[in-house]
Amino acid sequence: MELNFKRTNKLIEIICLSMLFLQFLFIFTFRPYKFSINLPPLIINLFLYLLLSLIFYFSTSPSIILKKFKKPELFGHKSTLSQNQILFYLKKGVLFSGLFKLTILFIPFGLQLITNIFLMISVIFPILFTFIILCLGLYILTVSINYFLKANGFESLTLKQTIIKGLFYYNPDDKRAVVEKQFGIGTTINFASKQGRLILYVIISIPITITLLLLLVMVLSKKL
């Protein structure tokens with residue numbers, strides 16, 4: 001079955017690029033004398049935009065999304081879908097993948113706004129802001145994966161089941177920390193294992209550490 005669908009959403013890409021352009025304007029127009037404050041968020045967002053764009057473009061290939069599952073019984077009953085139904089779910093999945101990318105890009109952008117406009121440099125507020133946005137991003141990513149799984153015929157799969165079976169892997173009976181993905185490509189982490197939970201804590205600490213370092217750079221730049 002040949003499927004013709006766009007792996008990117010034009011409106012989402014326009015919004016992402018507009019966000020990057022606004023960050024660029026912050027450097028040279030809004031507060032040009034605070035160049036060192038505004039440059040790090042822009043660099044981080046450029047890197048995130050390119051990285052996430054490449055990841056989602058290649059991972060949403062029909063040959064990957066609709067490939068044969070290793071253990072399809074884990075995802076429940078599989079329905080036979082028409083081509084129009086498959087395309088509908090694929091387009092929804094692409095849309096929410098783009099929204100996830102937009103959500104992640106909003107973190108450095110929001111921190112930049114907080115520093116430049118609201119002048120709020122308290123550590124607690126930016127960390128809380130980052131945590132809330134990451135939780136929203138996780139929900140959006142779950143919805144995206146749910147649509148991709150539905151495109152494979154698993155229409156009864158709930159968001160909770162998607163988190164356990166599609167987004168994460170949680171199996172107390174499996175002692176391995178890293179396992180092969182049941183859906184998609186590559187490997188994933190068994191969060192039921194001790195090593196898997198340790199990796200989870202490291203993953204959670206990464207955005208918090210980036211936020212703190214970004215705030216430190218901004219605060220130090222203000223004092224210079």
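**Reading the aromatic rings**

User: Does Phe106 count as buried, partly exposed or exposed?

Analyst: Phe106 counts as partly exposed, at 31% relative accessibility. Buried means under 20% relative accessible area, exposed over 50%, and partly exposed in between, with a 1.4 Å probe and protein chains only. The model is predicted, so local features need pLDDT of at least 70 and side-chain atom pairs pLDDT 80 or more, while totals for chains, interfaces and linings use all residues. Residues are numbered from 1 along each chain as its sequence is written, and side-chain values use heavy atoms, without hydrogens and water.

User: How many aromatic pairs are there?

Analyst: A ring pair is described by the distance of the centres and the angle of the planes. Rings of Phe, Tyr and Trp (its six-membered ring) pair if their centres lie within 6.5 Å; planes under 30 degrees apart are stacked, over 60 edge-to-face, the rest tilted. The count here is seven. Tyr57 and Phe58 make an edge-to-face pair, 5.6 Å centre to centre with 85° between the planes. Tyr57 is partly exposed at 38%, and Phe58 is exposed at 53%.

User: Which kind of pair do Phe106 and Phe109 form?

Analyst: Their pair is tilted, at 6.0 Å and 45°. Both lie in helix α4 (residues 83-118), three residues or about one helical turn apart; helices are DSSP runs (H or I, at least four residues), numbered from the N terminus. Phe109 is buried at 8%.

User: Which residues do ring pairs link into a cluster?

Analyst: Phe88, Tyr89, Phe96 and Tyr147.

Terms used
Helices (H or I, at least four residues) and strands (E, at least two) are DSSP runs, numbered from the N terminus.
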